[in-house]
Amino acid sequence: MKHILLIILCLPLLSFGMTVSYELKMPKPQNHYYEVQLNISGNEDAQVEVKMPVWTPGSYLVREFSKNVNLVKAFSKDGKSISVTKKSKNAWIINAGKEKDIQVKYEVYAFEVSVRTPFLDLSHGFVSGSGVFMYIEKAKNQVGNVTVIPHESFKRISTSLPVDQGYNGLGQRFQFENYDQLVDCPMEIGNQEIFEFTAAGVNHTVAMYGESNFNVEQLKRDMAKIVEAETAVIGKNPNKMYTFIVHNVVDGQGGLEHMNSTVLSVNRWTYAGKQYVDFLNLVAHEYFHLWNVKRIRPVELGPFNYDTENYTSLLWVMEGFTSYYDELILRRTGFYTEEEFLAKLQSSINYVEGTPGSRVQPVAHASFDAWVKAYRPNENSSNTTMTYYSRGSVLASVIDAMIITETDGKKCLDHFLQQLYVTYYEGLKRGFSEAEFKMELAKFVGKNMDEFFAKYVDGTEIIPYKEFYAPVGLNVQDITTNNPSFGASVREEGGKVMVKSVRFGSSAEEAGISVGDEIIGCNGYRVDQSMFEGMMSGMSSFESCEMLVARDEKLFSVQATIKPYKKPQFLLTKSPTNEKRLHYWLR
Ligand SMILES: [Zn+2]
């Protein structure tokens, strides 16, 4: 009975309604244009709305991908032109009339180098789907295919989309289950070097673009260690195949996560010395996301609305917990010693608590406002914002410590994530709300979390580290400084000492210094950046200095009185008590 019911339910999906397929060409990579054809079949509407996403999942900023789209044209099956009108910034209406089969053609300019935007030049093509493929709302859940016809000089396509083995036309054809999957599988098209390794029962393909100093055997071994250690956190790896697309470039920018692939942008010479650990750290971060954010996720992050911002107050869990694990996994795989891991944790804590914005923006708000704040920083950001990556990772460590304490070293944060994975991803097949996350955590830890959330997640209080870390074998020393501080950062530009930021309530602010001012002299001496910084660091509290400043080419003098600045700082050291729990934590 079950089978029959399933077939009846599936039939309409498979047999009727609109279906879509795409063709992607790049005949002249030097002009940076992809030529895209969207083939619509089975249309029954007089007007069809096609849309370009405004953002790409994982990168919480409206990027307006339609800005790169040239004139959109449409044709009937027999080549007759169909009129197209613009409906909004990212939507077009195809006036289909009675046409059932329609071809929509457009070009996309792709020349922004990043892991979240498409790119094309003579050296390679990178397809970030949300910046290339338009969609039709009612066909978003339909299966389809995309045929890629690479430029003749490009020999390979690396993507985690399944290949259509039956296709024998030009280029290569890939299948997708729905639009979400199409845009969640970036493609690297070119002459990239490819190697493979198997870890945790999953076949991993690594596609390396760009000249670099990597060692294939070393990477296979070390990346496999990370995959195995991260799979052990959740206890299962949901993929059969996984693709790493690595862009080795002059100025690496980080990575972007997907369900069964990732794109990493790194400095091309990152594979030697201390920088190599940074690469592994990025691998650990993006790979961990295949669970945390792609599967263990807020309910708001999937299925995605590509038309607008998708707000969630849980990015501190998604990015913060992932940032915590990208360090912890390096400890578990032996790339960090216990001391190195603790030094990283201490530095995160001191960054978080020492940033003025920590006292202004709760981390839940930082998550929600990522779209307008985190991704749009300005000269005042450190006064008003706190990154959900750093405070989220510190909170992850505190919650981990709390679980280890409550279970006397039998369980840790791994087990809580396992529970979320099983309950929500596998069981309910959806994400969780903020209230559900809090409720699940309270249940798991075995205590009410209202106060914790009110103070440290929805509030901006300094976290009482001693209270949380002492039971897991760490000494926490409050070494809050109260040093004299001018409170403005400067950078030399074209021989001028320019003010780049002014701390809220600082001596610089009191003196009337503003971002954009040029500091010419101090106490009768002309200064360069190092001289100015040297003079400021040598001042005592309540000492005054006279500064000659230029603003809009007008010269004036200000009197600055140096004030002490209280900066919360902490020192972490291992304690002889609760050593067993500490070793369980840092195992
Ligand atoms: Zn991340």
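Okay, so for this talk, a residue is buried when its relative accessible area is under 20%. That matters for Lys140, which counts as buried because its relative accessibility is 12%. Keep in mind that this is a predicted model.

Let's stay with that lysine. Lys140 makes a salt bridge with Glu137, and the closest N and O atoms are 3.4 Å apart. Glu137 is partly exposed, at 45%. Through shared partners, Lys51, Glu137, Lys140 and Asp307 are joined into one salt-bridge network.

Across the whole structure, the search turns up 27 salt bridges. One of them pairs Lys138 with Asp45, at 2.9 Å between the closest N and O atoms. Those two are 93 residues apart, with Lys138 in the loop between strands S10 and S11, and Asp45 in the loop between S2 and S3. Lys138 is exposed at 53%, while Asp45 is partly exposed at 27%. Another bridge joins Lys87 and Glu49, 3.0 Å from N to O. Lys87 sits in strand S6 and Glu49 in strand S3, so this pair ties together parts 38 residues apart in sequence.

Now, the metal. Which residues coordinate the zinc ion? They are His285 and His289, each through NE2, plus Glu319 through OE, at 2.0 to 2.1 Å. Along the chain the spacing reads H-x3-H-x29-E. His285 is in helix H4 and Glu319 in helix H5, 34 residues apart, and both of these residues are buried.

Cys545 is buried, at 1%.

Methods. Residues are numbered from 1 along each chain as its sequence is written. This is a predicted model: local features need pLDDT of at least 70, side-chain atom pairs count only at pLDDT 80 or more; totals for chains, interfaces and linings use all residues. Side-chain values use heavy atoms; hydrogens and water are left out. Donors are N, O and S atoms within 2.8 Å of the metal (3.2 Å for Na, K and Ca); water is not among the atoms, so sites may look incomplete. Helices (H or I, at least four residues) and strands (E, at least two) are DSSP runs, numbered from the N terminus. Buried means under 20% relative accessible area, exposed over 50%, partly exposed in between (1.4 Å probe, protein chains only). A salt bridge is a side-chain nitrogen of Lys or Arg within 4 Å of a carboxyl oxygen of Asp or Glu.
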